[in-house]
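Me: I have a structure here that I'd like to talk through with you. Could you take my questions one by one?

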Amino acid sequence: ILLLWGCSFQGSWRSRGSSAVERAQQYTVGQKIHGFTVKEVTAVPDLFLTSVKLSHDATGAQYLHAARDDSNNLFSVQFRTTPMDSTGVPHILEHTVLCGSQRFPCRDPFFKMLNRSLSTFMNAFTASDYTMYPFSTQNAKDFQNLLSVYLDAVFFPCLRELDFCQEGWRLEHETPTDPSSRLMFKGVVFNEMKGVFSDNESLYAQHLQNKLLPDHTYAVVSGGAPLDIPDLTWEQLKHFHATHYHPSNARFFTYGDLPLEQHLQQIEEEALSKFERTEPNTAVPPQAHWDKPRVDHVTCRPDALAPDPMKQNTLCMSYLITDTFEAFTLSLLSSLMISGPNSPFYKALIEPEIGSDFSSSVGFDGSTRQASFTIGLQGMAEDNTETVKHIIAQTIDDIVATGFEEEQIEALLHKIEIQMKHQSTSFGLALASYIASCWNHDGDPVQLLKISENVSRFRQCLKENPRYLQDKVQHYFKDNTHRLTLTMSPDERFLEKQAEAEEQKLQQKIQNLSDADHKDIYEKGLQLLAVQSTTQDASCLPALKVSDIEPIIPYTPVQLGTAGGVPVQCCEQPTNGMVYFRAMCNLNSLPEDLKIYVPLFCSVITKLGCGELDYRQQAQRIELKTGGMSVSPQIIPDTDQLDLYEQGIMLSSSCLERNLPDMFQLWSDIFNRLVFFQETEKEIFKSLSVQWHLVLRSHVCDDTCGSNPRALSRPAGDLQRDGPGDLQQLCTVKFMKRIAELTDLTSVLRKLPRIKRHLLNPENMRCAVNATPQKMSDAAGEVERFIANIAANRKERKPVRPTIVEVRPLDPQAGSSVSRKLISEPHFKPCQMKTYFQLPFNVNFVSECVRTVPFSHADYASLCILARMMTAKFLHGEIREKGGAYGGGARMGGGGLFSFYSYRDPNSTQTLSAFRGGVEWARAGKFTQQDIDEAKLSVFSAVDAPVAPSDKGLGRFLNGITDEMKQRHRERLFAVTNKNLTDVAGR
């Protein structure tokens, strides 16, 4: 259940005569609708929806509709895909079906539809045992268009050989036009999976599943093992489609406020009416239960960023859950055992500092037919292996003996209550993902949604048997003989061995080639290059028009005022009984030498003790009374001048309305009563420092694309923008590595109170509250009391470095006192720089960026359109199709940076040439009005993405971007012309 991540919301986003929920409740069991029969109609009040379960009469296709008053409608079709080898056939098929179909034979309709629709989401996923194709949109006509394209793609794909070669794998000359250049493996999925398995955590997780479930489909790599992918043939791909992509093996899911009848009619007419029932042989048999535990070992690449080179081992114990059980109970039990500083495994494994953190694979995993639970450590020394095994066994014994504190259980159930009330914009997608695994193996997806019922049943079980959870631990873990202990250690020659194995595989392929094969490879390489270089006629694809876009944005009213002299923005929203609080604290007075510590400060400040409470008690209090409390570093560019910006930290939290005073008391204690120097706090600080280094390290390439040059082009590059994602912050990773290596952290710890005095200071603060109209006055009163409580900390601190400070009102037209304090670097001069970061990945990440104009500039809209058009019409073909990278393109950033990027890219220098080629293409005006209109649709799909009630008004609060400024930007986007685009490309 915790996978829902709080995604539900109440309240209609589209005015209708009657609500979607009410209309769905009118269906009756046995009712026939467009070739389907209604099997079940269930009200799910917890999630404000009505579910309608149907089956298709002719083919047996299963269908679930979740009717909800949400205009962000979603469609998904999933197939049970159970490969028996590691050639990656379901993954390559997922890519290839999106390369053209019978009704839409143009190459790559999937990517072309990104620019012909207002979709809020379009993608496809390959899991271990199913493949899913979801999309969402707020536009009814767009929904029908995308549904046509998706249905034709999955049921009637072209599956052309050249598309298989491009997306899967091929033997091709390094330079396709030069038959004397060396032969090599190429292909999008081939390069993608090399990138995936460059990550040790992904490698370990894959081995863990393969070895815990060795008897059937889970023993192979569904995404494809790089050395096995070249064994897949085009004929095998087509056969897999014929046996797996059939309505009898399909599960359809729709969500939102559009009428179900329209969906059923379109699906029946365009796809299902053309099929007859089959008996798909795709079921996964149960894994045979072991009569005794097993032990195994794998190797990985050494981690150059590890704090201690002698501590790079991983150990996990993984238990297969073979009995029939409630996933709800096991997921709760998993959270109680491993989540937070009060959990028994955190106390036993993390606090003694035997390892750096839990393994990324820990916890309950219900994604396979039979679930599993895994516990273990990463970043440990090899000679601690037996110690860790003993601790895990002893901790399980301790849980069986003593159980869990009642307050821990209540904190977890409180978390579920918040998840049900919190409103998100992507609930349909979260729902589709949440039910996918259960439904895939013929479980009841509707039962999963009855959260209150599951909670009540859980409470009743605890009431009837106080040892209920202990008995589960005894049964599923202590007495379970299907247990795998898997260790992983670094091998200095790991990458070298991988390269040798790939070269050996390549030579085996080459040795078996005849002269005719060599000629065929060369000719097919030229054919593929010719196809990739040909402009495709996409007129067969449906498309919205620019006139379908709403000309005026909806207005978001806010009230601006003050509390105790601190500016406060109040935004009344239908938050479903939740209150959301943010505070921005600028760091203009912070001494320069402390800045590098700000991300660390943010990561630990809500995890230390306060007053009489140690860090464990404080964590429990936060879980019982809030939906979480976090602090993050921020750099916010000015909308008018490139070299002005705001640096600071943002406090964020949420709570149920009944816990409003408690949430602000927690913030008051963090401001006034934070504990730094007790022994327990020193211990947890050391542990948190190591964990924060791991977070930075593991995310270093998650948001690589285009981020690297930020510091070279704007003066605000010395503090992370949004946490650990930016590659520019490798210096921060290295800095945190040094801290993680320290044995005595007292000197670092002493800096935190100094930072706190500067940052947690009402003099430098502004606040924002989102709540219901009925609760806003109470929330405003609590903010006032909070400000009064922390006023003792108020000290005027002068800037400590030569900065130009400009006070910019958040809403100039309102004449309000709510403002931002912007700073500038008077001596900053942009310069051209080239940077290379050597990282242990088999594929590369490439980026180039240019300083352009700020948000309010007349050219900003043209640059947004140019980035999208250049991506779709030039860079995608050059970087992904020809170059084999997993992705690439251009984007215009809010800080005035126009960035080019590629990721999981085997051809760095070729990609840099493609970036320059994209500019020349645009300068030459090699695009049509249709290209411009498509780029506008794509840009507006992002501009008009739904905003949750919790986030309404946030752009104004953080960036000072008012509704009037958004409307002006919107009008400029509509007005962009061919001449505007060639002009900005030339400049």
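Me: Before that, what kind of model is it?
Reply: This is a predicted model, where local features need pLDDT of at least 70 and side-chain atom pairs count only at pLDDT 80 or more, while totals for chains, interfaces and linings use all residues. Residues are numbered from 1 along each chain as its sequence is written, and side-chain values use heavy atoms, without hydrogens and water.

Me: How many cavities of 30 Å³ or more does it hold?
Reply: There are four of them, a cavity being a set of points on a 1 Å grid where a 1.4 Å probe fits but cannot get out.

Me: And what volume does the largest cavity have?
Reply: About 50 Å³, counted as the space filled by probe spheres set on the points.

Me: Which residues line the largest cavity?
Reply: The lining, meaning residues with an atom within 4 Å of a point, includes Leu 213, Asp 215, His 216, Tyr 218 and Arg 369. By class, the lining of the largest cavity has four nonpolar, three polar and two charged residues.

Me: Switching topic, how do H29 and H31 cross?
Reply: The axes of H29 (residues 860-882) and H31 (residues 929-943) come within 8 Å and cross at roughly 110°, on a scale from 0 to 180 degrees between N-to-C directions. H29 and H31 are therefore roughly perpendicular to each other, a label for angles of 65 to 115 degrees. The crossing of H29 past H31 is right-handed.

Me: What does UniProt annotate at residues 492-519?
Reply: The unreviewed UniProt entry has a "coiled-coil region" there, although annotations may be inferred rather than shown by experiment. In the model, residues 492-519 are 82% helix and 0% strand, with helices being DSSP runs (H or I) of at least four residues and strands (E) of at least two. The end C-alpha atoms of this span lie 40 Å apart.

Terms used. 1 Å grid on protein atoms, 1.4 Å probe; cavity = no way out; pocket = protein on both sides within 12 Å on 5 of 7 lines; lining within 4 Å. Nonpolar A, V, L, I, M, F, W, Y, C, P; charged D, E, K, R; others polar. Parallel < 35°, antiparallel > 145°, perpendicular 65-115°, else oblique. Left-handed = near helix turned anticlockwise from the far one by under 90°.
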